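Subject: Structure handover

Hi,

Here is the structure for your review. My notes follow below it.

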Amino acid sequence: MPYDVTTTRLDTQALFDLKGPAASLRHWKGPDLPAFPDQPNTRVDEGGLSLMWIGPNHWLLRAPLPEEAALEARLRPAEAPADISIVRVSDTLAFFRLTGPEVGEIMAIACPLDLHPARFGAQAACFTEAFGLKALVTRCADGFDLAVEQSYGALCADYLAQAIA
């Protein structure tokens, strides 16, 4: 019996990999970024942008693809000081949105994280694995967004379809 879950492959997202101390990044481009999350493996959503704290001195900025050029112009990665790194990585991840009343069951098949809302809250964002692939998992309003390396997008779509069937 199939699970009551819908998967949608999302359009390419604008993504920028940010590395360096939060204070240095704030000093360089603070007004152009959302507030920095105050807890690891969380995100702050602000003005259509999502800033995720994904590792020590490591952040991922996500936005709709039409905003990519404007963001790059504002962030000026080529001019960044030596203590930080800003790299556009929009083409590296394939995003899927999973929604539906049984989305928790599919996510339990896909990844080893405890995704109960008490453990993985509304603003959670972290890298883990899904179907044995490195994956970024975030909550969305009615489910989860799951991102894998772009070259594994078709494979992940197949795994999701098989898990739901």
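Arginine 62 and aspartate 145 are both buried. Buried here means under 20% relative accessible area, exposed means over 50%, and partly exposed is in between (1.4 Å probe, protein chains only).

Some ground rules before the rest. This is a predicted model, with residues numbered from 1 along each chain as its sequence is written. Local features need pLDDT of at least 70, side-chain atom pairs count only at pLDDT 80 or more, totals for chains, interfaces and linings use all residues, and side-chain values use heavy atoms, with hydrogens and water left out.

Salt bridges

The structure holds 10 salt bridges. The criterion is a side-chain nitrogen of Lys or Arg within 4 Å of a carboxyl oxygen of Asp or Glu. Arginine 62 and aspartate 145 form one of them, with the closest N and O atoms 3.1 Å apart. Arginine 62 sits in strand S5 (residues 58-64) and aspartate 145 in strand S10, so this pair ties together parts 83 residues apart in sequence. Helices (H or I, at least four residues) and strands (E, at least two) are DSSP runs, numbered from the N terminus.

Glutamate 68 forms a salt bridge with arginine 88; the closest N and O atoms are 4.0 Å apart. Glutamate 68 belongs to helix H2 (residues 68-75) and arginine 88 to strand S6 (residues 85-88), so the link joins parts 20 residues apart in sequence. Glutamate 68 is buried at 16% relative accessible area. Arginine 88 is partly exposed at 43%.

Arginine 119 meets aspartate 114 in a salt bridge, 3.9 Å from N to O. Arginine 119 is exposed, at 65% relative accessibility. Aspartate 114 is partly exposed, at 46%. A salt-bridge network links Lys29, Asp32 and Arg74.

The sheet and its helices

Five strands form an open antiparallel sheet, in the order S1-S7-S10-S9-S8. Two strands pair if DSSP finds at least two bridges between them. Strand S1 (6-9) and strand S8 (125-130) are the edges, each pairing on one side only. Neighbouring strands are turned by 30 degrees against each other on average, direction ignored. Axes are lines fitted to C-alpha atoms, for helices over the stretch in contact, and angles run from 0 to 180 degrees between N-to-C directions.

S9 (residues 133-140) and S10 pair in the antiparallel sense over six bridges. Cysteine 140 stands opposite glycine 143 in S10.

Helix H3 (residues 103-110) lies across S7 (93-99), S8, S9 and S10, at about 140 degrees to S7. H4 packs on the sheet, touching S1, S7, S9 and S10, and its direction makes about 20 degrees with that of S7. Contact means heavy atoms within 4.5 Å.

Leucine 33

Leucine 33 is in the loop between helix H1 (22-29) and strand S3 (43-46). Leucine 33 is buried, at 8% relative accessible area. Not counting residues up to four places away in sequence, leucine 33 touches Leu18, Leu25, Glu46, Leu61 and Leu75.

Surface patch

Tyr152, Leu155 and Tyr159 make a nonpolar surface patch of about 240 Å². Patches are made of residues with over 30% relative accessible area and no salt bridge: like charges are joined within 9 Å, nonpolar side chains (Val, Leu, Ile, Met, Phe, Trp, Tyr) within 5 Å. Accessible areas come from the Shrake-Rupley method with a 1.4 Å probe; for residues, only the protein chains shown count as cover. Tyrosine 152 is in the loop between strand S10 (143-149) and helix H4 (153-164). Tyrosine 152 is partly exposed, at 36% relative accessibility.

Best wishes
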